[in-house]
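Please consult the sequence and the structure shown here while reading the points below.

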Amino acid sequence: MQKTTLPKGTRDFGPEQMRNRLYIFDTIRQTFKRFGFQPLETPSMENLSTLTGKYGDEGDQLLYKILNSGDYAASLTELDLAAGSKKLTPKIAEKGLRYDLTVPFARYVVMNRNALPMPFKRYQMQPVWRADRPQKGRYREFYQCDADVVGTDSLLCEAEIVLMIHDVFSNLGIDYTLKVNNRKILAGIAEVIGVPGQEATLSVAIDKLDKIGRDKVEDELRARGFSDETLTRLSPLFDFGALTLEQVLKTLTTWLDASATARAGIAELQAMIQLVNEYGLSDTRLDFDPTLARGLSYYTGAIFEVKARGVSIGSISGGGRYDNLTGTFGMPGLSGVGISFGVDRIYDVMDELKLFPAGAGQGSQVLLIPFDLAARSVALPLLSQLRAAGVAAEVYPDLAKVKKMLDYANAKAIPYVVLIGSEEVQTGRLSVKNMQTGEQTNMTADAVVALLTA
């Protein structure tokens with residue numbers, strides 16, 4: 001018999017895990033709603049023409065492609081097969097699974113631009129797929145929870161992202177550091193070190209600094225054509241570790257003074273920090289990191305990345321400003337900024353640090369246990385009464401031994417059971433047992449409802 005397995009990089013989530021996941025989803029969703037974002041969903045698959053070219057070369061390689069339906073290979077020739085995957089793919093695959101939620105959102109905005117109020121604020125909570133190498137905290141199928149604003153370049157939106165990050169992680173109990181940078185600063189660095197216009201190449205390499213270290217970053221840049229002289233000019237970038245936020249900004253201002261682009265990026269960061277202070281948020285956990293790049297190629301301004309403290313895992317949230325993402329779909333000049341919360345990594349952090357509250361997303365609050373058919377005729381009206389009052393309740397479906405039914409309640413961590421035998425049927429007073437304390441009390445059906453809705 002063939003062994004039953006899951007594809008690598010994917011997972012099942014049982015009821016207990018799902019309760020905890022829903023706790024995270026609900027916490028994030030409430031923050032999005034408080035900040036005025038509206039819900040949106042887009043299809044799991046997009047045309048490959050929509051997805052390719054938006055994530056950089058490395059991102060394009062991680063796209064899951066969907067084979068065309070029907071006999072897609074019938075018209076292929078030997079020349080097609082010998083041409084390599086880049087030329088073969090368009091002939092056999094026209095669609096792919098979405099890589100993130102931002103590009104589909106940009107496509108949606110362009111298709112519905114005449115019907116949307118601007119600025120348009122939306123949140124989206126759906127799975128995405130990446131053909132990546134699975135490892136701790138990195139999956140091939142995972143959920144993202146995104147909030148984006150398009151149609152404004154106001155730095156108030158960046159400040160609100162800082163506040164949303166604080167709101168979400170404070171409510172989840174996660175201690176975090178919020179790293180910030182600005183792509184204009186990275187563009188200015190490229191200008192100052194003598195490789196203007198190559199900030200994308202620079203960003204892809206230095207985005208790996210935390211993972212592979214300075215020496216390997218420099219090796220990668222050499223392989224991409226950066227000279228030793230250029231790398232020497234880049235060296236100040238690696239020396240900011242021990243400096244305060246103010247010291248880093250001051251040093252950068254001096255180092256990059258010759259670049260108007262960099263000066264604009266520094267000014268935007270300073271303005272964002274000032275706005276956050278005006279909101280009254282003093283504990284921002286902000287860490288300005290000039291080496292932060294975020295690999296996605298569509299970012300043009302502020303970039304954000306959140307790391308959880310006390311646990312070794314990658315970023316649990318990230319985002320940034322993009323000034324022309326919709327331009328690739330024929331709608332140039334529409335600026336936007338967004339943030340994405342990685343539910344799967346957040347779950348892993350909360351699980352490792354034991355941050356889930358007891359009873360998070362608790363299922364049934366009470367199990368009704370009828371001993372016989374006469375008792376069931378009492379249990380079913382009570383069950384309807386409890387559910388009508390908003391209590392999650394269930395009845396044991398079989399007439400089984402009491403121990404078996406109590407074991408079922410314990411296995412599901414149901415806090416209360418109502419035992420209904422012949423005496424309860426005759427007197428109308430039901431036996432209610434607290435499964436945590438073992439205490440048992442007799443009360444009327446109305447009193448049971450009152451107890452469980454208190």
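A salt bridge is a side-chain nitrogen of Lys or Arg within 4 Å of a carboxyl oxygen of Asp or Glu. The side chains of Lys-403 and Asp-407 meet this criterion, with an N to O distance of 2.9 Å. The model is predicted, and it holds 22 salt bridges.

**Salt bridge within a helix**
- Lys-403 and Asp-407 both belong to helix α16 (residues 402–411); because they are four residues apart there, about one helical turn separates them.
- Lys-403 is exposed, its relative accessible area being 60%, whereas Asp-407 is partly exposed at 36%.
- Elsewhere, salt bridges with shared partners join Arg-11, Arg-21, Asp-344 and Asp-348 into one network.

**Salt bridges between elements**
- Glu-46 pairs with Arg-107 in a salt bridge whose closest N and O atoms are 2.7 Å apart.
- Glu-46 lies in strand β2 (residues 45–47) and Arg-107 in helix α6 (residues 102–111), so this pair ties together parts that are 61 residues apart in sequence.
- Both Glu-46 and Arg-107 are buried.
- A salt bridge also joins Glu-220 to Lys-208, with 3.2 Å between the closest N and O atoms.
- Glu-220 is in helix α10 (residues 209–223), while Lys-208 is in the loop between α9 (199–206) and α10, 12 residues away.
- Buried means under 20% relative accessible area, and partly exposed lies between that and the 50% cut-off for exposed.
- Glu-220, at 17%, is therefore buried, whereas Lys-208, at 21%, counts as partly exposed.

**Packing of α1 and α7**
- Helix α1 (residues 15–34) packs against helix α7 (residues 156–172) at an angle of about 145 degrees, and their axes are 10 Å apart.
- The crossing of α1 past α7 is right-handed.
- On the α1 side the contact comprises Tyr-23, Ile-24, Thr-27, Ile-28, Thr-31, Phe-32 and Arg-34, which meet Met-164, Asp-167, Val-168, Asn-171 and Leu-172 of α7.
- By class, the residues of this contact are seven nonpolar, three polar and two charged.

- In soluble globular proteins, nonpolar side chains tend to be buried together.
- The largest nonpolar core has 96 residues, and those with the most contacts inside it are Ile-28, Phe-169, Ile-189, Phe-304, Phe-341 and Ile-346.
- Helix α7 supplies the largest share of this core, 10 residues.
- A second, separate core has 18 residues, among them Ala-379, Leu-382, Leu-386 and Val-418.

Technical notes: Residues are numbered from 1 along each chain as its sequence is written. This is a predicted model: local features need pLDDT of at least 70, side-chain atom pairs count only at pLDDT 80 or more; totals for chains, interfaces and linings use all residues. Side-chain values use heavy atoms; hydrogens and water are left out. Axes are lines fitted to C-alpha atoms, for helices over the stretch in contact, and angles run from 0 to 180 degrees between N-to-C directions. Helices (H or I, at least four residues) and strands (E, at least two) are DSSP runs, numbered from the N terminus. A crossing is left-handed if the near helix is turned anticlockwise from the far one by less than a right angle, and right-handed if clockwise. Contact means heavy atoms within 4.5 Å. Ala, Val, Leu, Ile, Met, Phe, Trp, Tyr, Cys and Pro count as nonpolar, Asp, Glu, Lys and Arg as charged, and the others, Gly among them, as polar. A nonpolar core is a set of buried Ala, Val, Leu, Ile, Met, Phe, Trp, Tyr and Cys residues joined through side-chain atoms within 4.5 Å. Buried means under 20% relative accessible area, exposed over 50%, partly exposed in between (1.4 Å probe, protein chains only).
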